Amino acid sequence: WSRNTFQTRAGVIGISMWRTPRCQRASTTAFAIAAASGGSAFAEKKYDPGASDTEIKIGHTVPYSGPASAYGAIGRGHVAFFKRLNDQGGIAGRKINFISLDDGYSAPKTVEVVRQLVEQEKVPETTDVQKTMASMIEQDGATLLFPTSFGYFDPHMLRMAEKYPKVRFAHCGGLWTKGKHPMNTGSYFGYIDEAQYVAGIVAGMTTKSGKLGFVAAKPIPQVLRNINAFTLGAQSVNPKVTTQAIFTGDWALPVKEAEATNSMIAQGVDVVTCHVDSPKVVMETAERAGIFCSGYHCNQAALAPKGYLTGAEWNWLTVYTQHVKDAQSGAPFKNFVRGGLKEGFVKTSPYGAMVPEGARKQADAIKAAMLKDEFEIFKGEIKDNTGKVIIAKGAVMKQTDVALEGMNYLVEGVIGKI
């Protein structure tokens, strides 16, 4: 799960300059401007994607770098032209938002930058996401949407669901409640804390200092659940182990993620993991420092070949396939979908060569028990890190207990504050 990623057509009129004759480049640019300014092809509906009452977006790629960087002068000329055009009032009163990106005179790089131009990513958890969803539905004809960031659910997705009652909205991680939320909305998520618990066992049996680290984005229930499960797994084999948790404040802040990791290393942490959009920075920082790491989202062993222990991985194919098939067949919308290791929603990364044999056996044994529904992570007695009893001795909270999805505490042994 990942919070602030929401892809769709951004409605950008694209102009690629990669390996295109100069005369063709010029004519392509001229055509895009003419079309955007209100030619007959655009008259059938008010605006195509990329145009509004005040703005026309034009995407453009050119080799500002690489073997053909001399052509960058053409790109700079385009930029200057549109600036002058905007200074004179734009086209029919609308300004031109000319977005020019460097393609490096490389086919793979061109594909990458064109994707940046025509897709929207990191849509903030504001009314902007409502506009993006409306565009998907009205411009692209979408009938099934997957808003993936935590903050998209309430109020943004719920408002769109009321406006578009025939569209299905499946939210990643939100807590859907029957009788409270529209029936064309729902939530899906995986019990990735199961994989985190297993990873914690490996970390607890590998650490030499007894100090683990967890770099996290925001203290929302899903993140807290991962931190707590990782810590409980480690404590099950190494009771004195601690986990230092540092929250960066947002999902993708590479500089802060590196700073948090280095801070932990300086304090003696020798195994680090994370819950952020991209674990790349955390994994590579740990590898450079010569400490161990445990991944998240997918297998990051290639980023830390000497220190990667294992990781908690998502298998989104299972739930997305289920929702898409239901929509295609007209089957009833599944409003509340959950699954863990047993259901194939999550999995653990292969063990790194440095993982002790004893750690492998213990982790495998617990994972086998989870697959048979014979093991629960959250069983009492469990205290939070202020000493308050959260789960009484003898009590058990099963994975399906919705109370766990409102988790608002850090367990004993976690160093950090919410």
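**An open mixed sheet and its packed helices**

In this predicted model, seven strands form an open sheet in the order 13-11-10-9-7-8-18, and the pairing within the sheet is mixed; two strands count as paired if DSSP finds at least two bridges between them. Strand 13 (346-348) and strand 18 (414-415) stand at the edges, each with a single partner strand, so one side of each is left without a neighbour in the sheet. Strands (E, at least two residues) and helices (H or I, at least four residues) are DSSP runs, numbered from the N terminus. Residues are numbered from 1 along each chain as its sequence is written, and side-chain values use heavy atoms, with hydrogens and water left out. Local features need pLDDT of at least 70 and side-chain atom pairs count only at pLDDT 80 or more, whereas totals for chains, interfaces and linings use all residues.

Strand 9 (residues 271-275) is joined to strand 7 (residues 211-216) by five bridges, and the two strands run parallel. Among these pairings, L212 is the bridge partner of V271, and A216 is that of H275. Strand 9 also pairs in the parallel sense with strand 10 (residues 292-297), over two bridges, and here V271 stands opposite F292. The chain passes from strand 9 through helix 9 (residues 280-289) to strand 10 in a right-handed β-α-β crossover, that is, with the strands pointing away from the viewer, the path from the first strand over the helix to the second runs clockwise.

In a regular strand the side chains alternate between the two faces of the sheet. Both faces of strand 9 are covered, with V271, T273 and H275 buried on one side and V272 and C274 buried on the other, where buried means under 20% relative accessible area (1.4 Å probe, protein chains only).

Helix 6 (residues 193-206) packs on the sheet and touches strand 7, strand 9, strand 10, strand 11 (308-314) and strand 13, a contact being heavy atoms within 4.5 Å. The direction of helix 6 makes about 170 degrees with that of strand 11; axes are lines fitted to C-alpha atoms, for helices over the stretch in contact, and angles run from 0 to 180 degrees between N-to-C directions. Helix 8 (residues 254-266) lies across strand 7, strand 8 (242-247) and strand 9, running at about 170 degrees to strand 7.

Helix 4 (residues 127-140) and helix 5 (residues 153-163) pack at an angle of about 35 degrees, with their axes 9 Å apart. Residues of helix 4 including M133 and A134 meet residues of helix 5 including M157 and M160.

Technical notes. Buried means under 20% relative accessible area, exposed over 50%, partly exposed in between (1.4 Å probe, protein chains only).
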